[in-house]
Amino acid sequence: MVDLFSNLALGLSVAITPENLLYALLGCLLGTLIGVLPGIGPVPTIAMLLPLTYVLPPVAGLIMLAGIYYGAQYGGSTTAILVALPGETSAVVTVLDGHQMAKRGRAGAALALAALGSFFAGCVATLLLAGFAPPLAEIAFKFGPAEYFSLMVLGLIGAVVLASGSLLKAVCMIVLGLLLGMIGTDVNSGVARFDFGIPELQDGIDFAVVAMGVFGLAEIMNNLAQREQRVDITDKLGSLYPNRQEIKEATPAIIRGTALGSALGILPGGGAVLSAFASYTLEKKLSSEPQRFGKGHPAGLAGPESANNAAAQTSFIPLLTLGIPGNAVMALMVGAMTIHNIQPGPQVMSSHPELFWGLIVSMWVGNLMLVILNLPLVGLWVKLLKVPYRILFPAILLFCAIGVYSLNYNVFDIYMMGIFGVIGYIWSKLKCEGAPLLLGLVLGPMMEENFRRALLFSRGDYTTFISRPLSMVLLLMALLLVLMVVSPTIRKKREETFVEED
């Protein structure tokens, strides 16, 4: 306990420096902005800003990127409540009761409940991150190559199970990501492979190029393909103070949503999205008046908003303790760390304690900033919603091109981004998610390296993966997940969970 307080004191001294406070504020502002504006998500934004971390100190860069991620969870609720248009996927459920409250003249109260629930959930989840990360990191030091390979197998299978949409498509996207990760120079032999004689491919395909194409350019194409519609914005906010009855109904939902989101956020896949849907389902089942849900029930708003923000914070646990990204945003965070020659994993805590604890404490600071930003600045966000997308997209396109070029100062990367943009647009029409592809691309080289190292240590004995107890347990868990998902009962429940999203 004494060590925890001393580490938090170290983190506080790092997080409250003027420079880091400025980048935390910038991240929270950008996150809220992209959450408010439909058609721009945290993944393309972080992908676009990734090259910027070259010129920033590691702590400042990661604090800004983290602020963008959890700031987007806050901002997404604003459009969901005022316009019935979720800025973020995890805010889809917020529309159901949040917009109904707004139509009854309780938009201000709905925004306040969403912000306060998110603040409480973010603070609790960050506390869990600070408390559980050190012991998990200690366990991770006992991992060998076989255990890391098995853990990555479990992570990828978990990402498939928890991905919305078709399981077969999710598997295909992960396999494609793994294959793309094999392009480049072989780690052991140093021989170029699958480069098709193109010199620029000998170093592999940069995941930031793929992310900007599949998420950034493809998203622009999707938005331009749709007829731009003027939405009716609820300008009358009413009082920002929830009444006693609304607080009474929302408080238990906030607590349950925080607990549920904190647990589900650690799992690979769409933790924030899954948490929001699961929280809404739970609140509806526990309510004595389920017929009120979908008509402006405060619990139907506060529970999911708390759950998705708690999940956004706890998704950092597997990244910081094991070096395993649980979703597309965490995969980009891995890229930001490797840019500064920082290997994600348990050694971060011992070799870069100022980064580890500074990032954790900055989440508390960022959550406080977000409450301050989201309530008084609602009028500004409402005005931004009226900006036509045709004015926004050229700036987004320019940032994508500049960002990709600045990675290696190579025009070839811009061509690659364009190719993946077209491919990503086709995938979106085929209802294929890009996130599993990005996870496969990031984890593929790591999986291959640990697989081959494990075989080298065991002198080619493949049974090393099941003869080591921890590795065997992880593989059995992966097998159990596969068996569960092929079960008709589980498959039906899974489809019901994501039916709102579709």
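User: Why is F293 called buried?
Analyst: Its relative accessible area comes to 7%, and buried means under 20%, with exposed over 50% and partly exposed in between (1.4 Å probe, protein chains only). So 7% puts F293 on the buried side of the cut-off.

User: What sort of model are these values from?
Analyst: It's a predicted model, with local features needing pLDDT of at least 70 and side-chain atom pairs counting only at pLDDT 80 or more, while totals for chains, interfaces and linings use all residues. Residues are numbered from 1 along each chain as its sequence is written, and side-chain values use heavy atoms, leaving out hydrogens and water.

User: What makes Y280 count as buried?
Analyst: Again 7% relative accessibility, so Y280 gets that label too. Y280 sits in helix α11, residues 271–286 (helices are DSSP runs of H or I, at least four residues, and strands are runs of E, at least two, numbered from the N terminus).

User: Which residues does Y280 contact, leaving aside its neighbours within four places in sequence?
Analyst: V93, L96, D97, F293, G294, G300 and P304, where contact means heavy atoms within 4.5 Å.

User: How many aromatic pairs does the structure hold?
Analyst: Seven. Rings of Phe, Tyr and Trp (its six-membered ring) pair if their centres lie within 6.5 Å; planes under 30 degrees apart are stacked, over 60 edge-to-face, and the rest tilted.

User: Why is the F149 and F451 pair called tilted?
Analyst: The ring centres are 5.2 Å apart, which is within the limit, and the planes meet at 45 degrees, so the pair is tilted. This pair links distant parts of the chain, with F149 in helix α7 (residues 145–162) and F451 in helix α20 (residues 435–457), 302 residues apart.

User: F149 and F451: buried, partly exposed or exposed?
Analyst: F149 has 15% relative accessibility, so it counts as buried. F451 has 26%, so it counts as partly exposed.

User: And what is the pair of Y280 and F293 called, and why?
Analyst: Edge-to-face, because the planes stand at 85 degrees, with the centres 5.7 Å apart. Here Y280 belongs to α11 and F293 to the loop between α11 and α12 (298–314), 13 residues apart.

User: Which residues do ring pairs link into a cluster?
Analyst: F149, F451, Y462 and F465.

User: How do you know that E246 and R106 make a polar contact?
Analyst: Their side chains are joined at 2.8 Å. The rule asks for a pair of N or O atoms within 3.5 Å; within protein, one must be able to donate a hydrogen and the other to accept it, and residues adjacent in sequence count only if both atoms are side-chain atoms. E246 lies in helix α10 (residues 244–265) and is buried at 6%. Beyond four places in sequence, E246 touches M101, R106, A109, L113 and P298.

User: What does the side chain of N20 reach?
Analyst: A polar atom of the N20 side chain lies 2.7 Å from the backbone oxygen of V14. N20 is in helix α2 (residues 18–36), and its 6% makes it buried.

User: Why are the buried residues of α8 said to line one face?
Analyst: L167, A170, M173, I174, G177, L180 and G181 are the buried ones. Their directions from the helix axis to the C-beta atoms, which define the arc, fall within 150 degrees, so they line one face of α8.

User: What about α22, where are its buried residues?
Analyst: S471, L474, A478 and V485 are buried there. They cover an arc of only 70 degrees, which puts them on the same side of α22. P469, L480 and L483 are exposed on the other side.
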